[in-house]
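Subject: A structure for you to explore

Hello,

Here is the structure I promised to send you. Have a look at it first, and then read my notes below.

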Amino acid sequence: MTRIDFDPGPLPSLRSSYERRPARFSDVDRASWESWHWQHQNRLRKLEHFEEVLTLSDAERRAFEQSAARFRVAVTPHYAALMATANPGCPVRQQGLPQPGELRHYDFELEDPLAEEAHMPVPGITHRYPDRVLFYVSHHCPVYCRHCTRKRKVSDPTTAAARDQIEAGLHYIRTTPTARDVVISGGDPLTLSDARLREILEALRSIEHVEVIRLGTRNPVTLPQRITPELCEILRAASPVFVHTHFNHPDELSQESARALRMLLDAGCVLGNQMVLLRGVNDQPETVMELNRQLLRLGCRPYYMLQCDMAAGISHFRTPLTTGLQIMDHLRGRIGGMGVPHFVVDLPGGGGKVELVPDQIEGRHDSPWGQVVTFRNFAGERFEFVDVDPPRLDAHGDDER
């Protein structure tokens, strides 16, 4: 089967990670670079690996030495190629390399901030909402993101979802008629083999009451080479599959990512992006606007802008809630509605997601026709809207009041 070649056209700023590959990989040919197996096998994991491709600051070096044992480090050559060589503030770099903030811990931080384990009827299945289940199928990711909220499981081989656990999860879904929406998650489910993914998707599609299959993956960002024609045929057979990916910054978009998204679209997938709001990475309205515009051009709709969770060791990434509201206020009216995500907080302790929206009501006053509501639009202009309360008429047309 021929690999799909995709030229994103209207996105001239996108470059190939192969063309930006560090000197450490200068002798690697394109065929090897585009192999997801090669990318996985050649991940940067040790401090000396990063010293060869980046100019590390003293703070980054200390953070690596002191925090790597708590949460493993792994970065694909592709993702490393997107990092600025000499700028510790690079948004890609901050997400892939240990940061000094990881060494600080606060009493309010939680190992399992969303109480996923407390809502597990069987291992690997979180069933919090009536109609939805989260299906944990892998502990592994190509890149161990420093803002990960599942550090208690991700990268830890002891939490691997063995075949028996996955079968038990499928049995639970089969015998739970309210489980209409299944979110396949991890780790990253695309770290599984094609054969294992096919088994899981076919099993879910054979369950009559499963109406929606979602797949959460960061591979289009960190390992876009994983999106192969063979994988796309598996997804096409299970269509429609809702693929939720996780771009946080425009610098994470590459020619390889664009090609991966196009291939997923061609396979009949419905694409959505779940961006996590991160201090110093994407906490400026213009950054989110640019990311969302580019994603829409690539057929991926911004779905969620998530407030950073109360997970251990990631508080340095967290922003005030007002930051997210200001970004939402900026987006509305400046980009089409499809480019405006839902700004949500996933409540600690398993409370579920709640959506926050800017308050655009400036005031209210009564009138003979009902209450008049004053709204503020995206440009700061004010408009009055009559919230009319018409009289109820009886059969003769008389006012019942």
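Before we get to the helices, a word on how their packing is described: axes are lines fitted to C-alpha atoms, for helices over the stretch in contact, and angles run from 0 to 180 degrees between N-to-C directions. Helices (H or I, at least four residues) and strands (E, at least two) are DSSP runs, numbered from the N terminus. Please keep in mind that this is a predicted model, where local features need pLDDT of at least 70, side-chain atom pairs count only at pLDDT 80 or more, and totals for chains, interfaces and linings use all residues. Residues are numbered from 1 along each chain as its sequence is written, and side-chain values use heavy atoms, with hydrogens and water left out.

Let's start with a pair of helices. H7 and H8 (residues 194-205) pack at an angle of about 15°, and their axes are 10 Å apart. They are therefore roughly parallel to each other (angles under 35 degrees count as roughly parallel, over 145 as roughly antiparallel, 65 to 115 as roughly perpendicular and the rest as oblique). On the H7 side, the contact is made by Arg163, Ile166, Glu167, Leu170, Ile173 and Arg174, and on the H8 side by Arg196, Glu199, Ile200, Ala203 and Leu204; contact means heavy atoms within 4.5 Å. By class, six of these residues are nonpolar, none is polar and five are charged (Ala, Val, Leu, Ile, Met, Phe, Trp, Tyr, Cys and Pro count as nonpolar, Asp, Glu, Lys and Arg as charged, and the others, Gly among them, as polar).

Leu170 deserves a visit of its own. It is found in helix H7 (residues 163-174). Is Leu170 buried or exposed? Its relative accessible area is 3%, so Leu170 is buried (under 20% relative accessible area; exposed is over 50%, and partly exposed in between, with a 1.4 Å probe and protein chains only). Not counting residues up to four places away in sequence, Leu170 touches Phe135, Ala203, Leu204 and Ile207. Leu170 and Ala203 are 33 residues apart in sequence, while their C-alpha atoms are 7.4 Å apart in space.

Strand S2 (residues 132-136) is mostly covered, with four of its five residues buried. S1 and S2 run antiparallel and are joined by two bridges (two strands pair if DSSP finds at least two bridges between them). They form a hairpin with five residues between them. Ile125 has Phe135 in S2 as its bridge partner. S2 also runs parallel to strand S3 (residues 181-185), to which five bridges join it, and there the bridge partner of Phe135 is Ile184.

Now compare a second pair of helices. H12 (residues 285-297) and H13 (residues 321-331) pack at an angle of about 55°, with axes 9 Å apart, and are therefore oblique to each other. In their contact, Pro285, Glu286, Val288, Met289 and Asn292 of H12 meet Ile327, His330 and Leu331 of H13.

Finally, two details of the backbone. Most residues other than glycine have a negative phi, and most peptide bonds are trans. Ala115, however, has a positive phi, near 55°. Ala115 sits in the loop between helix H6 (91-96) and strand S1 (125-126), and counts as buried at 12% relative accessibility. The peptide bond from Ser239 to Pro240 is cis, with omega near 0°. Pro240 lies in the loop between helix H10 (229-237) and strand S5 (241-245).

Enjoy exploring!
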